[in-house]
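This report considers a predicted model of a protein. Please examine the sequence and the coordinates shown below before reading on.

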Amino acid sequence: MPIYEYQCAQCGEKFEARQSIGEDGSRLNCPKCQAPNPQKLLSTFAFSMGSDRGATPSWDSCPTCSSGTCNLPPM
């Protein structure tokens, strides 16, 4: 089940919630002030290439990107 990030419109608290895909935050309350209907935030995800989990990913280290066959947009 995906984890989504929310922010309370009343107090500004940011928090995470596990929800099914497509579910909105209409049944959530802020854990800090209990205000209803927090705003869903646009979040990013992290990934790692290779065994060095602390390294910043680089498109140069991706075999398909460095060969020129990758269709991903540039960062």
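**Strand pairing**

Strand β1, residues 3–7, pairs with β2 in the antiparallel sense, and five bridges join the two.

In soluble globular proteins, nonpolar side chains tend to be buried together. In this model the largest nonpolar core has eight residues in all, namely Y4, Y6, C8, F15, A17, L28, C30 and A35. The elements giving two or more residues to this core are β1 and β2.

Y4 belongs to strand β1. It counts as buried because its relative accessibility is 19%, and the cut-off is under 20%. Apart from neighbours within four places in sequence, Y4 is in contact with F15, E16, A17, Q19, S20, I21, G22 and K40. Although Y4 and F15 are 11 residues apart along the chain, a distance of 8.5 Å separates their C-alpha atoms.

**A buried glutamine**

Which residues does Q19 contact beyond its neighbours within four places in sequence? They are M1, P2, Y4, Y6, D24, G25 and L28. Q19 is found in the loop between β2 (14–18) and β3 (39–40). Its relative accessibility is 4%, so Q19 counts as buried. The side chain of Q19 makes a polar contact of 2.5 Å with the side chain of Y6. A polar atom of the Q19 side chain also lies 3.0 Å from the backbone oxygen of D24.

**Positive phi in the loop**

Most residues other than glycine have a negative phi. Q34 and N37 carry positive values, as the table shows.

| Residue | Phi | Relative accessibility |
|---|---|---|
| Q34 | about 70° | 48% |
| N37 | near 55° | 48% |

Q34 is found in the loop between β2 and β3, and N37 is found in the loop between β2 and β3 as well. Q34 counts as partly exposed because its relative accessibility is 48%. For N37, a relative accessibility of 48% likewise means that the residue counts as partly exposed.

Notes:
Residues are numbered from 1 along each chain as its sequence is written. This is a predicted model: local features need pLDDT of at least 70, side-chain atom pairs count only at pLDDT 80 or more; totals for chains, interfaces and linings use all residues. Side-chain values use heavy atoms; hydrogens and water are left out. Helices (H or I, at least four residues) and strands (E, at least two) are DSSP runs, numbered from the N terminus. Buried means under 20% relative accessible area, exposed over 50%, partly exposed in between (1.4 Å probe, protein chains only). A polar contact is a pair of N or O atoms within 3.5 Å; within protein, one must be able to donate a hydrogen and the other to accept it, and residues adjacent in sequence count only if both atoms are side-chain atoms. Contact means heavy atoms within 4.5 Å. Two strands pair if DSSP finds at least two bridges between them. A nonpolar core is a set of buried Ala, Val, Leu, Ile, Met, Phe, Trp, Tyr and Cys residues joined through side-chain atoms within 4.5 Å.
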